[in-house]
Amino acid sequence: MAMNYKEEDGHHSGVGPGVAVKSKKPDNTAFKQQRLPAWQPILTAGTVLPAFFVIGIIFIPIGIGIFVTSNNIREYEIDYTGIESNSECYKCSNVSGISNCTCTIYFQLDTAFESTVFMYYGLSNFYQNHRRYVKSRDDSQLNGDKNSLTNPSKECDPYRTSENKPIAPCGAIANSMFNDTLSLFQVKDGGEVSIPLTKTGIAWWTDKNVKFRNPTATNTSNLAEIFKDTTKPINWQKPVYDLDPDNSGNNGFINEDFIVWMRTAALPTFRKLYGLIEINSDLHVALAPGNYSLHIKYNYPVLSFDGRKRMILSTISWMGGKNPFLGIAYITVGSICFFLGVVLLIIHHKYGNRNNSADIPN
């Protein structure tokens with residue numbers, strides 16, 4: 001970079017005559033001399049008032065549409081924590097560890113769930129956003145790296161090894177995976193009819209096809225053989241290669257229940273997708289009005305951290321699941337802007353001419 005120098009007398013500058021001294025004056029450029037072009041908006045009644053009214057006219061109808069759409073979404077929720085003594089699951093709530101305790105909750109749907117129903121499990125007071133918890137995983141292992149399979153990252157400690165074998169998958173997130181089993185039945189004619197639950201198609205495409213992969217071996221495609229030198233997480237009932245015995249393509253690190261759990265929630269109260277109930281071809285609805293029962297294999301303890309467990313049945317719309325907040329926010333902002341526009345219009349009409357007349361000389 002070129003530098004500007006000037007000749008100064010040594011008596012005044014403190015250096016010998018003829019010595020080049022760097023000038024402290026900024027370069028003569030538009031940027032350094034603050035001559036860049038600028039635009040400053042002048043707020044007048046003619047520009048501010050239309051802006052308020054336009055925002056109000058646009059936001060209020062959008063908010064009403066979003067709010068109505070959200071309210072049209074069918075949703076039914078059951079809390080099965082079992083804290084209350086009269087709860088069907090009270091007998092299971094105080095059992096610690098893997099208990100395989102079972103309980104059944106009966107409920108009634110008054111209206112039909114016409115489109116595909118999304119079945120969620122929900123947890124409360126569970127902080128998946130804890131920094132140490134979020135870091136406790138080995139992404140290389142989950143992506144099918146063979147070296148990480150037998151030598152997991154130290155970030156997984158203390159869930160890195162067990163019984164002198166590496167844990168697959170390692171870490172606190174995998175070890176705390178939700179393991180209650182939820183089954184839905186329709187009660188009719190004195191009996192119960194099982195409602196099929198689809199366990200695939202519930203994970204993000206990028207997770208299923210990019211982030212999570214099973215290790216491969218040249219001499220076998222048997223997952224049990226590939227994972228033979230590892231052991232299951234401490235709190236799991238079955239190894240990772242046997243998570244879904246009914247579907248061989250839904251096991252190992254690409255099991256979608258496991259993938260859904262590994263995407264940690266940002267808030268302590270959250271829900272995660274458990275399965276899909278698709279439209280019944282005979283009735284043309286996913287869930288018809290009537291009596292139902294929820295059969296639960298109660299394994300996941302939550303009382304130790306004052307948590308709650310629930311099952312949610314929900315349909316969706318073009319905007320996703322039930323969420324009235326966005327519609328209320330649009331309506332609120334639009335209403336405030338419209339109200340401010342009216343107030344400022346009245347003030348301008350009442351006092352604007354007075355200010356203009358004061359500027360006219362006598």
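Analyst: Let us begin with contact, which means heavy atoms within 4.5 Å. Leaving aside its neighbours within four places in sequence, Tyr80 is in contact with Cys89, Ile105, Phe178, Asp180, Leu182, Ile296, Tyr298, Lys309, Arg310 and Met311. The model is predicted, so local features need pLDDT of at least 70 and side-chain atom pairs count only at pLDDT 80 or more, while totals for chains, interfaces and linings use all residues. Residues are numbered from 1 along each chain as its sequence is written, and side-chain values use heavy atoms, with hydrogens and water left out.

User: Which residues touch the most other members of the largest nonpolar core?

Analyst: In soluble globular proteins, nonpolar side chains tend to be buried together. A nonpolar core is a set of buried Ala, Val, Leu, Ile, Met, Phe, Trp, Tyr and Cys residues joined through side-chain atoms within 4.5 Å. Buried means under 20% relative accessible area, exposed over 50%, and partly exposed in between (1.4 Å probe, protein chains only). The largest core here has 64 residues, of which Tyr80, Leu182, Phe258, Trp261, Leu287, Ile296 and Leu313 touch the most other members. Its largest share, six residues, comes from strand 5 (residues 117–124). Helices (H or I, at least four residues) and strands (E, at least two) are DSSP runs, numbered from the N terminus.

User: How many disulfides are there?

Analyst: A disulfide is a pair of cysteine sulfur atoms within 2.5 Å. By this rule there are three disulfides, and with bonded cysteines counted along the chain their pattern is 1-4, 2-3, 5-6.

User: Which residue does Cys89 join in a disulfide, and what is the torsion about that S-S bond?

Analyst: Cys89 is joined to Cys103, with an S to S distance of 2.1 Å. The torsion about the S-S bond of Cys89 and Cys103 is about 80 degrees, so this disulfide is right-handed. Cys89 lies in the loop between strand 3 (75–79) and helix 3 (90–93), and Cys103 in strand 4 (residues 101–109), so the pair ties together parts that are 14 residues apart in sequence. Cys89 is buried at 0% relative accessible area, and Cys103 is buried at 4%.

User: What of the link of Cys92 and Cys101?

Analyst: The disulfide between Cys92 and Cys101 has an S to S distance of 1.9 Å. Its angle about the S-S bond is -65 degrees, and the link is left-handed. Cys92 is buried at 0%, and Cys101 counts as buried at 16% relative accessibility.
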